[in-house]
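Visitor: I'm new to this one, and I'd like to learn how to read it. Could you walk me through a few features, step by step?

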Amino acid sequence: MDFNKIKHAPKTELHCHLDGSVRVETLFELVLKEGLDIEEKDLDSFQERVKIKGDCDSLKEYLNKFVIPSMVMQTRENIKRITKELLEDASKDGIRYIEIRFAPLLHVNKGLSLEEVVEAVLDGVKEGEKEFNIIGRVILCCMRHMEPKDSKTIVELTNKYKDKGVVAVDLAGNEEDFPPELHKEAFHMAKEYGLNITIHAGETGIENNIVKSIDILGASRIGHGVYAYKNENIVNLLRERQIPLEICIKSNIDTKATESYKTHPIKEYLDKGLKVTLNTDNRTVSDISLTEEYYNLIENQHLSEEDAYSIIKNGINSIFESDSIKHKLSTELREVWDR
Ligand SMILES: [Zn+2]
């Protein structure tokens with residue numbers, strides 16, 4: 001396997017949370033600027049607070065890493081800067097198309113309106129696209145633990161910005177205590193509006209959430225779907241309907257959804273004809289780039305060049321964007337591969 005091909009291929013990032021992907025130097029700078037009271041007085045020790053370094057002990061530890069980002073992401077200026085820098089970092093990582101997701105309701109603690117939050121992100125995307133060789137799109141997340149009416153609000157918001165860079169709506173958060181059907185009315189609305197739907201499901205052991213997300217919520221892509229292997233019918237469903245899985249291995253290792261790069265079912269899914277894509281989930285929290293995800297996967301599961309090509313190509317074919325963008329990226333991928 002020629003790793004240069006991975007490095008230069010036009011990769012897509014379909015599952016990337018903005019608050020989990022804040023550039024760490026910026027985060028530290030903003031913490032000081034906002035006068036937040038933290039123990040860590042230098043960047044090195046601060047990294048430990050916001051990144052998983054080495055083994056992650058629990059989901060609680062993982063979720064704790066989001067506390068600081070969400071505290072500083074409460075002004076237009078900060079949100080816009082963080083978004084633009086994510087586009088820059090992603091473009092350096094060889095990503096040519098990124099869908100950035102976030103939950104607008106987590107960014108209104110200091111008085112921003114939901115519209116202001118979305119517009120701050122879109123402004124950052126626009127500036128980033130101008131300066132870096134990357135296309136940026138946005139996905140708005142509903143949160144499972146919030147009220148069903150909050151999800152309706154986010155669906156309305158998605159619809160309002162659907163021609164302005166927002167391409168889909170998502171449901172994220174605690175899968176154990178809040179099943180998909182709690183939010184079915186909101187996602188029925190989304191369907192009626194003709195919005196793209198992707199849902200976090202089967203990330204933490206409840207494989208049936210994958211089926212519910214497709215059948216009840218109308219998901220056309222699934223976030224993670226790690227546990228599909230527990231039920232052959234679900235694997236078959238994913239294959240027959242060619243529902244893309246947004247797989248994020250390092251994040252799955254951190255949250256104990258899988259043990260290691262070696263044990264993740266991604267290769268099994270690929271071999272069975274499922275449409276698997278590879279993503280980072282949280283670049284900063286999981287301390288990973290997309291290129292590293294590919295390297296680690298290829299090394300640990302002995303992927304062939306053809307396997308790697310399929311995963312990159314699946315990513316391109318699964319974007320919530322036009323066929324012309326897919327075609328352009330596919331042509332570039334073929335060129336890199338045949339070089
Ligand atoms: Zn996620």
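Visitor: Let's start with charges: how many salt bridges does the structure hold?

Guide: Keep in mind that this is a predicted model. The general idea is that side chains of opposite charge can pair when their charged atoms come close. Here there are 40 salt bridges.

Visitor: Which residue forms a salt bridge with aspartate 123?

Guide: That's arginine 76, and the closest N and O atoms are 3.5 Å apart. The two sit in distant parts of the chain, 47 residues apart: aspartate 123 belongs to helix α7 (residues 114–131) and arginine 76 to helix α6 (residues 76–92). Aspartate 123 has 27% relative accessibility, so it counts as partly exposed. Arginine 76 counts as partly exposed too, at 31%.

Visitor: What does lysine 152 meet in a salt bridge?

Guide: Its partner is glutamate 185, with 2.8 Å from N to O. This pair also links distant parts of the chain, with lysine 152 in helix α8 (residues 148–160) and glutamate 185 in helix α9 (residues 184–193), 33 residues apart. Lysine 152 is partly exposed, at a relative accessible area of 29%.

Visitor: And how far apart along helix α16 are lysine 328 and glutamate 332?

Guide: They are four residues apart in α16 (residues 323–338), so about one helical turn separates them. Lysine 328 is partly exposed at 48% relative accessibility, and glutamate 332 is partly exposed at 22%. Elsewhere, salt bridges with shared partners tie Arg23, Glu29, Arg81, Glu85, Glu88, Asp89 and Lys92 into one network.

Visitor: Let's go back to α7. What span should its 18 residues have?

Guide: Count 1.5 Å a residue and you expect 26 Å. The end C-alpha atoms of α7 are 26 Å apart, so the model agrees with that expectation.

Visitor: Which residues of α7 are buried?

Guide: Look for Leu114, Val117, Val118, Ala120, Val121, Leu122, Gly124, Val125 and Gly128. The cover over these buried residues includes α6, β2 (95–102), β3 (135–143), α8 and β4 (166–172).

Visitor: Now helix packing. At what angle do the axes of α2 and α3 cross?

Guide: Two packed helices are described by the angle between their axes and the distance between the axes. For helix α2 (residues 24–33) and helix α3 (residues 43–50), the axes come within 10 Å and cross at roughly 100 degrees. An angle from 65 to 115 degrees counts as roughly perpendicular, and α2 and α3 are therefore described that way.

Visitor: Which residues meet there?

Guide: From α2 you have Val24, Glu25, Leu27, Phe28 and Val31, and they meet Leu43, Phe46, Gln47 and Val50 of α3. By type, the residues of this contact are seven nonpolar, one polar and one charged.

Visitor: What about loops? Where is aspartate 287 placed?

Guide: Find the loop between β8 (276–278) and α14 (290–301), and you'll see aspartate 287 there. Aspartate 287 is partly exposed, at a relative accessible area of 29%. Leaving aside neighbours within four places in sequence, aspartate 287 is in contact with Lys51, Ile52, Lys53, Asn282 and Glu292.

Visitor: And glycine 273, which loop is that in?

Guide: Glycine 273 is in the loop between α13 (266–271) and β8. With a relative accessible area of 31%, glycine 273 is partly exposed. Beyond the neighbours within four places in sequence, glycine 273 is in contact with Arg239 and Gln242. The C-alpha atoms of glycine 273 and valine 235 are separated by 9.4 Å, though 38 residues lie along the chain from one to the other.

Visitor: One last thing, backbone angles. What is phi of histidine 224 near?

Guide: It's near 75 degrees, a positive value in a residue other than glycine. Histidine 224 belongs to strand β6 (residues 221–224), and histidine 224 is buried, at a relative accessible area of 1%.

Visitor: Is aspartate 281 buried or exposed?

Guide: Aspartate 281 is buried, with a relative accessible area of 3%. You'll find aspartate 281 in the loop between β8 and α14. Aspartate 281 isn't a glycine, yet phi is positive there, at about 70 degrees.

Notes: Residues numbered from 1 in each chain as written. Predicted model: local features only at pLDDT ≥ 70, side-chain atom pairs only at ≥ 80, totals over all residues. Heavy atoms only, no water. Salt bridge = Lys/Arg side-chain N within 4 Å of Asp/Glu carboxyl O. Buried < 20%, exposed > 50% of the residue type's maximum accessible area, 1.4 Å probe, protein only. Expected span 1.5 Å × (residues − 1). Contact = heavy atoms within 4.5 Å. Axes fitted to C-alpha atoms, helices over the stretch in contact; angles between N-to-C directions. Parallel < 35°, antiparallel > 145°, perpendicular 65-115°, else oblique. Nonpolar A, V, L, I, M, F, W, Y, C, P; charged D, E, K, R; others polar.
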